[in-house]
Amino acid sequence: MAARISWEGVFPAVTTQFHDDLSLDIDSTAKVMDNLIRDGVSGLIICGSVGENTSLERSEKIQIMEAAKAVAKGRVPVLCGIAEFTTAFAVQTAKEAARVGIDGIMVMPALVYSSKPHETAAHFRAVAKATDLPVMLYNNPPIYKNDVTPDILVSLADVDTVVCFKDSSGDTRRFIDTRNMVGDRFVLFAGLDDVIVESVAMGAVGWVSGMSNAFPREGETLFRLAKAGRFAEAMPLYEWFMPLLHLDARPDLVQCIKLCENIMGRGTALTRPPRLALLPHEKAEVEAMMAKALANRPLLPDVGLPAAA
């Protein structure tokens, strides 16, 4: 019997904040998390791609887990990304997440090595079997070069802790293919910002979002409108949001999202090498995009969010 979870809505992939010397700024990271929750997001993903997981020491990941647990105080679920080079390292990080009391883990394929399908499945199986935490499997073939196809996912249906699938392939047909193969066995999450409305229409009940770090209320509103089938209200908001949502599909998505977050007064734009600051012309393009968006920021339909702070 698969573990029961209540994951739905927008789960921003929280950015990790750094001091000017690029050391971990845990207080600012905690503040980012708290502000997102206050703005009405439905959950948090820490130490994901946008959280610069692979640029963090394990001790830093544990600090972020502990901070997220303390900040959330049970208000929303908190999932920790597991992005490691080996299965053994991934198991160790998963065990730390369980020790801290995180609500679940989001497991990526083993990084660097482009694995064969059965190796990808074996990695996921080993990590999921090593923990009682509910597991979200994460597919992002454009970035991580390993494609978690519906066939691979279905092969893991017997692993009780594997409860959720996040797809960032951009191919929304996979949500239907998965349901046709195993029904409602897995909770389905969208992972690519600029296909969110389509993903919800195809059955996604949650969204791991990058740009909702900068615009959490807009992100949660867009998701709830789509989930409720209020597409006439969703489309103007989606069209306004789309130029920014496209940033989530770029190789430098972390730099872009952090810059937007910084413009909104929600964090700094600092990233750790090998991620470098955007080049001047790239920074100017994103700043112009943000200026246009803010000049035309729409009034949001009522979807039951808490009052703005």
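# Reading a fold and its helix α1

The protein has 12 helices and 8 strands, where helices (H or I, at least four residues) and strands (E, at least two) are DSSP runs numbered from the N terminus. This is a predicted model: local features need pLDDT of at least 70, side-chain atom pairs count only at pLDDT 80 or more, and totals for chains, interfaces and linings use all residues. Residues are numbered from 1 along each chain as its sequence is written, and side-chain values use heavy atoms, with hydrogens and water left out.

User: What does the radius of gyration say about the 309 residues of the protein?

Analyst: The radius of gyration is taken over C-alpha atoms, and the globule rule is 2.2 Å times the number of residues to the power 0.38. A compact globule with 309 residues would have a value near 19 Å; the protein has 18 Å, which agrees. The C-alpha trace spans about 50 × 45 × 35 Å along its principal axes.

User: How many of the residues count as buried?

Analyst: Buried means under 20% relative accessible area (1.4 Å probe, protein chains only). Here 56% of the 309 residues are buried.

User: Which residues of α1 are buried?

Analyst: An α-helix has 3.6 residues a turn, so residues three or four places apart point the same way. In α1 (residues 26-38), the buried residues include Thr 29, Val 32, Met 33, Leu 36 and Ile 37.

User: Where do the buried residues of α1 pack?

Analyst: With contact meaning heavy atoms within 4.5 Å, they pack against β1 (9-12), β2 (44-46), α2 (58-72), α9 (216-227) and α11 (253-263). Just after α1, Gly 40 takes a positive phi of about 100°.

How values were computed:
Buried means under 20% relative accessible area, exposed over 50%, partly exposed in between (1.4 Å probe, protein chains only). The expected span of a helix is 1.5 Å times one less than its number of residues.
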